[in-house]
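User: I'd like to learn how to read strands, surface patches and cores in a model. Could you walk me through it?

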Amino acid sequence: SGEVIDVRTSSVVARDERGEITQILTVIDDVTAELKATRAMRESEERWRALVELSPLPLSVHRAGILIWINDATVRLLAAERADQIVGRNVLDFVHPDDHALLRARMQKSATQDGSLAPLEERYVRLDGQVIYVEVAARTVMFEGERATQIALVDVTARKQAEEARRLSEAQARIIEVQVEALRALSTPLIPLDEGILVLPLIGRVTDDRAEQILEVLAEGVVAQRASVAILDVTGVPEADASFAEAIVRIAKSVRLLGAEVVITGMTPVIARALVALGADLGRLTTCGTLRDGIAHARGLRRDRSVGGRW
């Protein structure tokens, strides 16, 4: 038929009593589907790695305190020139000595608890000697087949400086706080992942104004990209209240009116409790534990729609 397929072959030579070849017996196994699935998984992993490596949020993975992977944003945050200046070292090397007890307690908790840990504020010492304040979000993950801890760092040095400035001048501190919130509100990256699939990772607090901006960006993206699935990743949201829960439900309903499905990933117990306390209609709100699971679910939806002729 002209179709090209991938096969795995195994052959054996049959000889007569004189040692001459009489025939060659060959078994041919069609491995087209197997190789296609393997390639798809590899491409998915490559896209995922590119997503986290290019993320503006400093991300890293450590096992028993030893850093085994970092992205470029972490290299910049810690004032390094290359990743190998950090990978292989203990996390304690970068945490201020006065905060070592906090980190050790957190690492012990991470060793026995699955899922996300509550955000914690620590002081980090960069390679150039500068001390910065960071907000650390952590969760247990499987990395290269073994249990590890992934951490996300948010530099809150400016916020801490603003708090100190407030003691000197309340009026000046309010201006700084407004500026910090405005900068956070700008962090709404919309990432086209696959054809018809958009990813919007949320980082930091979600105020009412920022919720409106998120809705606007997501709605415009769905229309412009003709997306059928929008993934809203809330892993980087440190806290949730009733207004945030209302914003999530409102965003999901609005995007559904545009013909796209909304998948919420990275849902923490805090956010889940807030949604339940709100009495939100969760019947049509699809959630996945991780962004990877959400991407897999979105691709499944796309395949189902393609088969059904509605894509």
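User: Where does valine 7 lie?

Analyst: This is a predicted model, and in it valine 7 belongs to strand E1, residues 7-15.

User: Which strand pairs with E1, and in what sense?

Analyst: Look for the bridges between strands. E1 pairs with strand E2 (residues 21-30) in the antiparallel sense, over nine bridges.

User: Is valine 7 buried, exposed or partly exposed?

Analyst: Exposed means over 50% relative accessible area and buried means under 20%. Valine 7 has 41%, so this residue counts as partly exposed. Together with Ile5 and Ile28, Val7 forms a nonpolar patch on the surface, with about 260 Å² of accessible area together.

User: What do nonpolar side chains tend to do in soluble globular proteins?

Analyst: They tend to be buried together. Here, the largest nonpolar core has 30 residues, and Leu202, Leu232, Val234, Phe244 and Val255 touch the most other members. Among the elements that each supply at least two residues of this core are strand E9 (197-203), strand E10 (229-236) and helix H7 (242-257). The largest share, eight residues, comes from H7.

User: Which residues is valine 234 in contact with, leaving aside its neighbours within four places in sequence?

Analyst: Its contacts are Leu202, Phe244, Ile248, Ile264, Thr265, Gly266, Met267 and Ile271. There is also a second, separate core of 20 residues, including Phe94, Val136, Ala138 and Leu153.

Note on methods:
Residues are numbered from 1 along each chain as its sequence is written. This is a predicted model: local features need pLDDT of at least 70, side-chain atom pairs count only at pLDDT 80 or more; totals for chains, interfaces and linings use all residues. Side-chain values use heavy atoms; hydrogens and water are left out. Patches are made of residues with over 30% relative accessible area and no salt bridge: like charges are joined within 9 Å, nonpolar side chains (Val, Leu, Ile, Met, Phe, Trp, Tyr) within 5 Å. Accessible areas come from the Shrake-Rupley method with a 1.4 Å probe; for residues, only the protein chains shown count as cover. A salt bridge is a side-chain nitrogen of Lys or Arg within 4 Å of a carboxyl oxygen of Asp or Glu. Helices (H or I, at least four residues) and strands (E, at least two) are DSSP runs, numbered from the N terminus. Buried means under 20% relative accessible area, exposed over 50%, partly exposed in between (1.4 Å probe, protein chains only). Two strands pair if DSSP finds at least two bridges between them. A nonpolar core is a set of buried Ala, Val, Leu, Ile, Met, Phe, Trp, Tyr and Cys residues joined through side-chain atoms within 4.5 Å. Contact means heavy atoms within 4.5 Å.
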